[in-house]
Amino acid sequence: MIEKTATIPQGSSLWKDARSRMAKNKFAMGGFGVIVVMFSLCFIFAWFCTNPNLVNLTNKFAPPSKEHWFGTDALGRDLFARILYGGQVSILVGLIATSVSVVIGIVYGAVSGFAGGRTDAIMMRIVDTLLAIPFLVLVIVLQATLSDWSGDATRWIVVNLNWDKEFTGRLTNIVPLFFALGLLGWLTLSRIVRAQVMSIKEREFVEAAVALGYSKWRILFRHIIPNVLGPTVVYSTLTVPGFIMYEAILSFLGLGVESPNSSWGVLIKEGANFLETEVQLLLLPGLFFSLTLFSLNFLGDGLRDALDVKAAKD
Amino acid sequence: MPRFLIDRLLQGVLVLFALYTITFFLAKAMPGEPFTSEKNISAETKANIRKLYGLDKPIWEQYLAYPKNIITEGSFGISTSKGRPVIDIITQSFPNSLILGLCALGFAIGIGVPIGILSAVRKNSWIDWVCMTVAMVGICIPSFTIGPLLQIYVAAHIPGLKVAGWGNLEDILLPSFTLGLVSAAYLARLTRGGILEVLSQDFVRTARAKGVSPIQVILKHTLRGGLLPAVAYLGPAFAALISGSFIVETIFQVPGMGQHFVNAATTRDEFLLLGLSLFFGFLIVVMNLLADLLTGLLDPRVRHTGGTN
């Protein structure tokens, strides 16, 4: 490690090192910039746009204009607003599914790594087995079951809690996706956490905690997990683009997001229907989608390299 | 060797069993019944149909009956939405999916590996930069965008190519290209990494010092070890091809298994869903085993420890 500040010798922390390495990585910083712009567009700028569900049948397939920056779709809805609102759903699915999988992955991996021995062997064998099953096959089966339940849930909520019917319908349409993806996406993550926990549990501060007579669970949750949290969350940025992709796949197959909700997958699917004459209906959502995935991948790669979190391979 | 094989086969059985268990109970947890969509049928008829499909038995009996029927009779049940034996549907659609998958794998290897080698050899040059950016773009642009674009910009303009459909030899081209593209991108990245690692080793330096030509260094000394990560990826690549086939078969209207699987999930066709998931699982287990054996063949270090790493 080369110290730049010669006058005051300072220790360099993990995060400080990471930050300086990150700043040097142009691709990762570029990706970060695009993500910031995309987030601002989808979550702030979108509120100032026209209603994405405003149907205007006299203005179908309008070319780009001052009012409609990207033109309009088959029902005369503003494409730009639809892309931004669709982006909200796509990005939310990516983030929430990742959060679900991070929680499961951390707890599972930490317990497995901390317990060691036979428990560890069995828990990791289960992960191996699940990893060998094609992800999309499981996701489709789980999503089909969960979305069936969500129909019942909608009725129950509307009747018993008096929620707005449309809002509830929208919510229960996307919530199953969070879980279908999150409940199955934690496998690789749990291995990374396990590897880290195994190295941390040999450290002195854990020994000290044991010597102080703290309970196992307290050591695990108060002393070990906080130490693996940072790198794990950083690593999980790499799973966000994966989940966004799976959301689009499911929506494209008609198993995911449904009208009046929209997502990038839904928009691409709708766009593919009018391909011969109105190629922009496919291209523009596709462009936003790919650009986001591209940037998230570069950002995730950069963060992982900066922190040097090694993926626990087979 | 036999010990390693037995170990892997046992693991394969375990995987299939887990897959079956999960799919079975999820299918049972679906609130809809397979027959509710049909017109008003009397309760008596319904009960008869349920009996016919064995759905009237207790859930544990059903759970055990399905694998038993597969082993003793080779029967995967009867599709409730199509009214045909699931095994018929599989034998009919599998050849199409297999051809599509193999051609896609061909495209993936044919495009991915050379690009990976090229960018490893010209590391940090503009060629490397272009190749790796293209590979990243390939990973990030979904097949459901590339597929339709190929349909209008390629298929519509080249005589002989159809926009969608299946039956002639040339119909295979576009779907398998679309399907293979993502795996090609991953293979390119893995090949580049593998070759770079080998190139930095002492024996390569020795070979160069002896005056071996750069091409010979790559072909004779580097390729075998450098391709290991790519070979190990073949198992996952095959899983990716199966997932991708769900989409590509929908876009190009290929009568393969992927379409049936998606339909089974949307129509709550329990037996078709079970049969196809098990079949997909079986294919993955076999492909992973083959990839492992191939790795052992290329890398003697793996052979003795018996397994990947």
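**Close-up views of a predicted two-chain model**

**View 1. Helix 11 of chain B contains a kink.** In this predicted model, helix 11 (residues 234-252) of chain B bends by about 35°, with the kink centred on S245(B). The bend at a residue is the angle between axes fitted to the seven residues ending there and the seven starting there. Helices are DSSP runs (H or I, at least four residues), as are strands (E, at least two), and both are numbered from the N terminus. Of the 19 residues of helix 11 of chain B, 18 are buried, so this helix is largely enclosed by the rest of the structure. A residue is buried if 20 or more other C-beta atoms, placed from the backbone, lie within 10 Å of its own. Just after helix 11 of chain B, Q253(B) has a positive phi of about 50°.

Residues are numbered from 1 along each chain as its sequence is written, while chains are lettered from A and ligands numbered from 1 in the order in which they are written. Local features of this predicted model need pLDDT of at least 70, and side-chain atom pairs count only at pLDDT 80 or more, whereas totals for chains, interfaces and linings use all residues.

**View 2. Helix 4 and helix 7 of chain B pack against each other.** The axes of helix 4 (residues 86-121) and helix 7 (residues 173-199) of chain B lie 6 Å apart, at an angle of about 35°. These axes are lines fitted to C-alpha atoms over the stretch in contact, and angles run from 0 to 180 degrees between N-to-C directions. The crossing of the two helices is right-handed, that is, the near helix is turned clockwise from the far one by less than a right angle. Their contact comprises 23 nonpolar, seven polar and two charged residues. Ala, Val, Leu, Ile, Met, Phe, Trp, Tyr, Cys and Pro count as nonpolar, Asp, Glu, Lys and Arg as charged, and the others, Gly among them, as polar.

**View 3. Chain A touches chain B.** Here 36 residues of chain A are in contact with 39 residues of chain B, contact requiring C-beta atoms, placed from the backbone, within 7 Å. On the chain A side, helix 5 of chain A gives the largest share, 11 residues. By class, this side has 25 nonpolar, six polar and five charged residues.

**View 4. Chain B is built from helices.** Chain B has 14 helices and zero strands. Buried residues make up 41% of its 309 residues.

How values were computed:
Buried ≥ 20, exposed ≤ 12 C-beta atoms within 10 Å, placed from the backbone. Contact = placed C-beta atoms within 7 Å.
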